Amino acid sequence: VKSGLKDFSRIPNLYVITITNFDIFGEDRVMYTFRNSCKESTDLEYEDGLTYIYFYTKGKIGGSQSIKNMLRYIEDSHAQNVVDEATEQMNSYVEVIRKNPALEGDYMTFGDILDREKDAGRIEGRVEGRSEESNDLILIKMRKNYSISKIASDVEKPVEYVQKICDLITRIGLDKDNQTILEEVLQLQNK
């Protein structure tokens, strides 16, 4: 909206649309539509042009047949779920994306994206866990005045890595408790 606009009716309405495969509100509805209204007088609507629509792909209550068809197609984007003109058009877009090698890697369902993120999180967690375990052993052996080469051999890490961790621990200070030192080492490693 440009500065100085005096005719607010020219501001376009805004629709926020969310599509889920789980029921956010627990009423098994195909769609839930929310607009602003007055708490004290629920019949009094506040027309600010903002509408939130939540679609539940497996909902049973409400919604037109064409909306149900589209949601079924969104839930399972395959040709057997093409049942009307709108899903046919959507399917043609999906097929173009699936067949285009340049776009093929970008085509994912929301579930695929979540699975990828979960896998990345698991790997990151394992790596971080191993790193914390190694750092803990390094700290314990450092407190016992083991040499860098002996610590490296015991934890099966390169001498350079062990030296770096020992330098970080020394910088933090051995006067702190192990947990505090390990948390600070992890923070410094992630920078």
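Modeller: We'll start with the overall layout and then look at the details. Keep in mind that this is a predicted model.

Colleague: Fine. How many helices and strands does the chain have?

Modeller: The chain has 7 helices and 3 strands. From the N terminus on, the order is β-β-β-α-α-α-α-α-α-α.

Colleague: And what share of the residues is buried?

Modeller: Of the 191 residues, 21% count as buried.

Colleague: What about contacts that span the sequence? How many join residues at least 24 apart?

Modeller: Take the contacts between residues at least 6 apart in sequence. Of those, 46% join residues at least 24 apart.

Colleague: Now the largest nonpolar core. How many residues has it?

Modeller: It has 15 residues. Those with the most contacts inside it are Ile 138, Ile 151, Val 162, Ile 169 and Val 185.

Colleague: Which elements give two or more residues to this core?

Modeller: They are helix 4 (110–143), helix 5 (148–155), helix 6 (159–172) and helix 7 (178–189). Helix 6 gives the most, with 6 residues.

Colleague: At what angle do the axes cross?

Modeller: At roughly 115°, and the axes come within 9 Å. Helix 5 and helix 6 are therefore roughly perpendicular to each other. As for handedness, helix 5 passes helix 6 in a right-handed crossing.

Colleague: Next pair. Are helix 1 and helix 2 roughly parallel or roughly perpendicular to each other?

Modeller: Helix 1 (residues 65–75) and helix 2 have axes that cross at roughly 25°. They count as roughly parallel because angles under 35 degrees are put in that class. The axes come within 9 Å. The crossing of helix 1 and helix 2 is right-handed.

Colleague: Which residues meet there?

Modeller: Helix 1 brings Asn 69, Met 70 and Tyr 73. Helix 2 brings Ala 86, Thr 87, Met 90, Asn 91 and Val 94.

Colleague: Let's stay with Thr 87. Is it buried or exposed?

Modeller: Thr 87 is in helix 2 (residues 85–99). Thr 87 counts as buried because its relative accessibility is 0%.

Colleague: Which side chain makes a polar contact with the side chain of Thr 87?

Modeller: That of Asp 84, at 2.8 Å. A polar atom of the Thr 87 side chain also lies 2.9 Å from the backbone nitrogen of Val 83.

Colleague: And what else does Thr 87 touch?

Modeller: Not counting residues up to four places away in sequence, Thr 87 touches Asn 69, Met 70, Tyr 73, Asn 81 and Val 82.

Colleague: Last topic. Where is Asp 28?

Modeller: Asp 28 is in the loop between strand 1 (14–20) and strand 2 (31–35). With a relative accessible area of 28%, Asp 28 is partly exposed.

Colleague: How far is Asp 28 from Lys 58?

Modeller: They are 30 residues apart in sequence. In space, the distance is 7.7 Å, C-alpha to C-alpha.

Colleague: Which residues does Asp 28 touch?

Modeller: Skipping residues up to four places away in sequence, Asp 28 touches Asp 23, Tyr 56, Lys 58, Gly 59, Lys 60 and Ile 61.

Notes: Residues are numbered from 1 along each chain as its sequence is written. This is a predicted model: local features need pLDDT of at least 70, side-chain atom pairs count only at pLDDT 80 or more; totals for chains, interfaces and linings use all residues. Side-chain values use heavy atoms; hydrogens and water are left out. A nonpolar core is a set of buried Ala, Val, Leu, Ile, Met, Phe, Trp, Tyr and Cys residues joined through side-chain atoms within 4.5 Å. Buried means under 20% relative accessible area, exposed over 50%, partly exposed in between (1.4 Å probe, protein chains only). Helices (H or I, at least four residues) and strands (E, at least two) are DSSP runs, numbered from the N terminus. A polar contact is a pair of N or O atoms within 3.5 Å; within protein, one must be able to donate a hydrogen and the other to accept it, and residues adjacent in sequence count only if both atoms are side-chain atoms. Contact means heavy atoms within 4.5 Å. Axes are lines fitted to C-alpha atoms, for helices over the stretch in contact, and angles run from 0 to 180 degrees between N-to-C directions. Angles under 35 degrees count as roughly parallel, over 145 as roughly antiparallel, 65 to 115 as roughly perpendicular and the rest as oblique. A crossing is left-handed if the near helix is turned anticlockwise from the far one by less than a right angle, and right-handed if clockwise.
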